[in-house]
Amino acid sequence: MNIELENLIDVLALYNITEQISDFKFFINWYNDKTSEMKVITKIDFVNRSPLIVKFVREDKHLHDIIERQSEFSEYLRNQGILTPKRYTSGDSYCIKYKLCDMYLDVTVEDYFGEEIKTIDFNLAYKIGQLIARIHIISEKGNCHIGANTIFNVVGYNEVSGYDAFVELGENGKIDSEMYQKIKKAYSDKLERIKLLWDKLPKYATQGDCSINNLTYIGGELGIFDYNIAGDETLVGDIVLEGLLTANEMDLAEGLSDTDHIELFRSFYDGYINERPLTVDEENVLSDIYAISSGLWFTKVVLNENSLTKLVERNECNKTDLLLQEIYDTLCKDVFPLKQKLS
């Protein structure tokens, strides 16, 4: 199942774009024979106009109506001054159905926004915090909602939580049982405190994945693209999880090391609150959200070379115990305000 030049010409015509194509290339070209799911992202170059991105999607997790509302949100942000790609319409819709063979695909067209940023430093972390704050302010003032969840929900589905993997290790007797129970209780106590206020906290549409892979510089200004997992999220949770993602999982600029992750989060957070100070309720849950999120961050538990899972697999008992103590200490500390040293 392939997208050909003729398909691109057909789709662009539906968006009243008829300029001559000079070249095209695929950023993503994926098709699953078993499920008939498909995702194709194509950059199209033209003879006499700026490049465009055409996306073809058929995935159960990306429904047509949600893609349309994500596009509407993106355009709303753009019209409010956020540097983000222009979305094009076909008739009254940003997202249209296109038939390829016997299969209907969801299609969107937007401006190409340039190369993604490759590495993170303190200045960029600060600017990302500012950008997310501006997006939150605009979304809140505009009462923006998409009607879908993000993948970073502190009290729900959360792809950056290592808690379930940690529990699996504990229940299978792979780690010290006493420390396992202490960590589990500390985590549960903080999560329950968060839940007491959760429904009172501001929750609006967010971009959902503000990593450097979705950012670019245009004329010295930070721009953002890719709204495929945009959804409605509690803003203070979005702050912490996006901040930790920025600080922990991005490639580091030259001169930085793994010891700088905490300071990168500090820079991100300082940038955010410089633009949007937190409400009293947000301040009341902030430290607990940071503790459970940072303490049981997914790469710390599962993926890193010296993650809890890898240490257990290698039977490195001393290092395992030290990491468990570090996790427990993080869960027990009250790290805000950020004038204190984060850990």
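These legends describe close-up views of a predicted model. Local features need pLDDT of at least 70, and side-chain atom pairs count only at pLDDT 80 or more, while totals for chains, interfaces and linings use all residues. Residues are numbered from 1 along each chain as its sequence is written, and side-chain values use heavy atoms, with hydrogens and water left out.

**View 1. Helix α3 packs against helix α6.** Helices here are DSSP runs (H or I, at least four residues), and strands are runs of E (at least two), numbered from the N terminus. α3 spans residues 122–141 and α6 residues 235–249. Their axes, lines fitted to C-alpha atoms over the stretch in contact, lie 11 Å apart at an angle of about 155°. Angles run from 0 to 180 degrees between N-to-C directions. The pair is therefore roughly antiparallel (over 145 degrees). The crossing is right-handed (the near helix is turned clockwise from the far one by less than a right angle). Ala125, Ile128, Ile132, His136 and Glu140 of α3 meet Leu235, Asp238, Ile239, Glu242 and Thr246 of α6; contact means heavy atoms within 4.5 Å. By class, this contact has 5 nonpolar, 2 polar and 3 charged residues. Ala, Val, Leu, Ile, Met, Phe, Trp, Tyr, Cys and Pro count as nonpolar, Asp, Glu, Lys and Arg as charged, and the others, Gly among them, as polar.

**View 2. Helix α3 also crosses helix α7.** α7 covers residues 261–275. The two axes come within 7 Å and cross at roughly 35°. This crossing, too, is right-handed. The α3 side includes Phe122, Tyr126, Gly129 and Ile137. Among the α7 residues in contact are Leu264, Phe268, Gly271 and Tyr272. The contact of α3 with α7 has 10 nonpolar, 6 polar and 4 charged residues.

**View 3. Phe166 sits in the largest nonpolar core.** A nonpolar core is a set of buried Ala, Val, Leu, Ile, Met, Phe, Trp, Tyr and Cys residues joined through side-chain atoms within 4.5 Å. Buried means under 20% relative accessible area (1.4 Å probe, protein chains only). This core has 77 residues; Ile128, Phe166 and Ile183 have the most contacts inside it. Its largest share, 9 residues, comes from helix α5 (residues 177–198). Beyond four places in sequence, Phe166 touches Ile175, Tyr180, Ile183, Lys184, Leu296, Val301, Leu308 and Leu324. Another core, of 22 residues, lies apart and includes Ile3, Leu52, Leu100 and Val109.

**View 4. Lys61 lies in the loop between β3 (52–58) and α2 (64–79).** Lys61 counts as exposed, at 65% relative accessibility (exposed means over 50%). Its C-alpha atom is 9.3 Å from that of Ile229, 168 residues apart along the chain.

Notes. Parallel < 35°, antiparallel > 145°, perpendicular 65-115°, else oblique.
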